[in-house]
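Me: I have a structure to study and some terms to sort out. Can you take me through them?

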Amino acid sequence: MPRILDMDEDMQDPEEGYVREDMLKRPHLPVSVSSRTKSGSGGWWISSSSSSSCMRRKDDFRRLIVVFVLVISSIFLVVVFDVRRSGWSANTIEAVHGGGGGGGGDGMGGMYHYPVVSDVVGTGTGTGTGIDVGVNPGQDPHPHHQQDKVKVPGQCTTWPVNPDGTYTYPSKPPSRQQQQPSFELQSFAPRNGWHKPPNITIKALIFYGRRRTVDFLDCYLERNLVTNGGFLDEVWFMVHTDDVEDLKYLDQLVASKKKEGDGKGKGSNRYKIVRPEGMCQGFDYACMWGKVVEVGTIYVKIDDDIVFIHPDTIPQLIWTRITEPHPFSISANLVNSPMTGYKHYDIGAIYPFYPDQKPKPSRPALERWRPSDWESVSAPIPIPIPDKIVDDTPESYYEGHPWLLSKEDILTNTPMGMNNNNNNKNKYDTAWKSWMISSQQQYSLLRNLELNTMWRYHFGSKLSFPPPSPSTSPSPSTSTSTSTSTPNTHTHTNPANARSETNTNTDTDTPGGEQLFSTNYNRYNLNFAVFWGHDILLSLPIPSDDEEYLTVTMPKKLQRDFVVDTRAVVAHLSFYPQHEGVRRTDLLDRWRALANEVVCRGDDGNRDGGGGGGGSKRPFDGRCDGF
């Protein structure tokens with residue numbers, strides 16, 4: 001047997017005396033390899049024959065092939081990781097809430113695997129300190145203001161962001177530079193204003209997964225805290241993501257509230273982080289409900305892509321929840337929901353908006369939200385195929401494109417009109433999937449906000465329910481209100497303390513339940529709804545499709561309706577089939593601009609906050625091409 005040259009012992013076969021073929025992958029190969037003799041088990045004899053130089057070349061060639069494959073694989077993995085981190089995690093797979101098809105359902109972070117994490121808030125008030133991601137307490141809650149210097153793949157802004165990623169606010173809001181009147185919004189508060197019901201704890205549950213929308217949702221939450229005259233005792237962020245940047249943002253947001261706190265409950269004493277129990281992933285939301293079971297507590301469940309909350313919404317829902325104990329849950333009146341969306345269509349709240357048909361932007365980058373800031377257009381030639389409403393590729397329109405109001409006040413050729421007329425059998429399913437129908441609803445809401453015609457959304461009536469029983473409410477029943485939906489004008493600087501001069505309520509009347517709509521045990525979207533804690537406790541364990549279970553299964557089982565309070569208007573950005581199309585519009589920028597104007601600033605108009613405003617918000621992303 002020839003001598004084995006300079007081999008480690010673990011590379012030698014003790015019985016055959018040769019080096020196994022799989023050992024050739026080791027970095028310290030023998031100095032000569034010969035094919036003179038091959039063993040029966042497939043190894044190679046080592047020898048110093050005359051063919052050693054040829055075999056060395058073959059060996060070198062093998063090593064080069066291995067190195068080449070490893071390098072290519074490494075590059076591919078780096079690219080995939082980077083795309084997922086910066087693009088997919090924030091846009092492509094960031095579904096909202098729910099999990100089902102049909103008329104509703106959506107899922108946040110549908111492709112992520114959520115790890116087991118420890119509790120931050122337990123049953124009770126909790127003492128949340130945030131998520132440990134190496135962030136210093138009190139650090140800027142908007143890390144993108146300094147760190148995100150380049151355009152994030154799949155996301156951009158139509159605001160005049162500087163090349164280095166920074167953003168400088170104009171000295172005055174754009175509308176005031178144009179000498180437009182300051183924005184006032186209708187309120188339908190009782191004559192004596194909104195007053196929080198005594199002896200009832202109210203907590204908001206934010207099903208959290210994305211920072212881009214929560215960044216300005218924070219302003220609406222701040223304004224509704226009890227410390228700012230609102231109804232919310234606490235805000236719980238129910239974590240449903242493993243995206244590092246989104247988790248870091250949330251931790252910094254809560255830390256910033258602690259820094260701002262005055263020791264009397266403001267800030268971080270009100271904002272808490274709740275981590276799910278066990279494995280919490282994809283469209284499974286069963287893990288989110290286990291801690292929301294306190295008897296005598298009202299929970300306001302809010303998805304993280306709610307982009308507008310009317311100042312009456314939370315007070316109205318709370319008082320309806322108290323006034324009408326029979327319904328299993330009370331939902332807000334959702335803009336961008338198939339069922340209520342077509343109610344809005346039927347009662348005249350929808351306008352003929354169409355996507356900009358130009359191939360590229362025709363205006364400079366601006367921070368604006370009013371539809372009248374853009375020109376009106378003639379309606380384009382109608383799309384003859386109804387399926388085009390869903391299948392029309394968003395890539396047909398440039399990133400950051402607006403939707404423009406038609407000069408012809410005809411709805412039949414709009415996306416909602418075509419779906420209503422030609423696709424009646426699957427109307428709701430199409431509306432849930434269609435980014436164009438979602439966009440038309442949201443631009444119509446912006447138009448109604450601009451015109452102060454929010455009363456257009458108030459349909460429904462006073463409903464008759466069975467008398468309350470101990471199983472339906474932990475609090476005594478109260479008298480119901482006989483008020484009507486008569487609007488008054490109220491400056492949006494202090495929504496929690498709205499006053500109405502024309503509402504027919506008297507000081508002794510209890511508000512709530514004036515205009516309700518029962519879903520009749522049909523599935524409805526669970527983007528914004530209020531529950532008693534004891535009703536959630538009664539419903540445990542909640543399955544993965546919590547939307548079907550809480551809007552259909554439990555109400556039907558208990559014979560307690562799931563109802564919509566149509567005076568409580570909110571806007572929902574997108575269901576996951578709509579994400580890509582809605583993302584290519586300028587809607588996110590418009591909703592941020594509206595929030596900056598009406599809620600993010602303090603009562604003194606300061607863009608840094610004060611008086612519960614939370615401070616104006618900036619984009620996370622670089623400027624869209626062409627602006």
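Reply: Start with a definition: buried means under 20% relative accessible area, exposed over 50%, and partly exposed in between, with a 1.4 Å probe and protein chains only. By that cut-off, 59% of the 627 residues of the chain count as buried. This is a predicted model, where local features need pLDDT of at least 70, side-chain atom pairs count only at pLDDT 80 or more, and totals for chains, interfaces and linings use all residues. Residues are numbered from 1 along each chain as its sequence is written, and side-chain values use heavy atoms, leaving out hydrogens and water.

Me: Why is H11 called roughly parallel to H15?

Reply: Helix H11 (residues 435-451) and helix H15 (residues 587-600) pack at about 25 degrees, with axes 11 Å apart. Angles under 35 degrees count as roughly parallel, over 145 as roughly antiparallel, 65 to 115 as roughly perpendicular and the rest as oblique. Therefore H11 is roughly parallel to H15.

Me: Which residues of H11 and H15 make the contact?

Reply: Contact means heavy atoms within 4.5 Å. H11 brings Ser439, Gln442, Tyr443, Leu445, Leu446 and Leu449, while H15 brings Leu587, Arg590, Trp591 and Leu594. By class, that is 7 nonpolar, 2 polar and 1 charged residues. Ala, Val, Leu, Ile, Met, Phe, Trp, Tyr, Cys and Pro count as nonpolar, Asp, Glu, Lys and Arg as charged, and the others, Gly among them, as polar.

Terms used:
Axes are lines fitted to C-alpha atoms, for helices over the stretch in contact, and angles run from 0 to 180 degrees between N-to-C directions. Helices (H or I, at least four residues) and strands (E, at least two) are DSSP runs, numbered from the N terminus.
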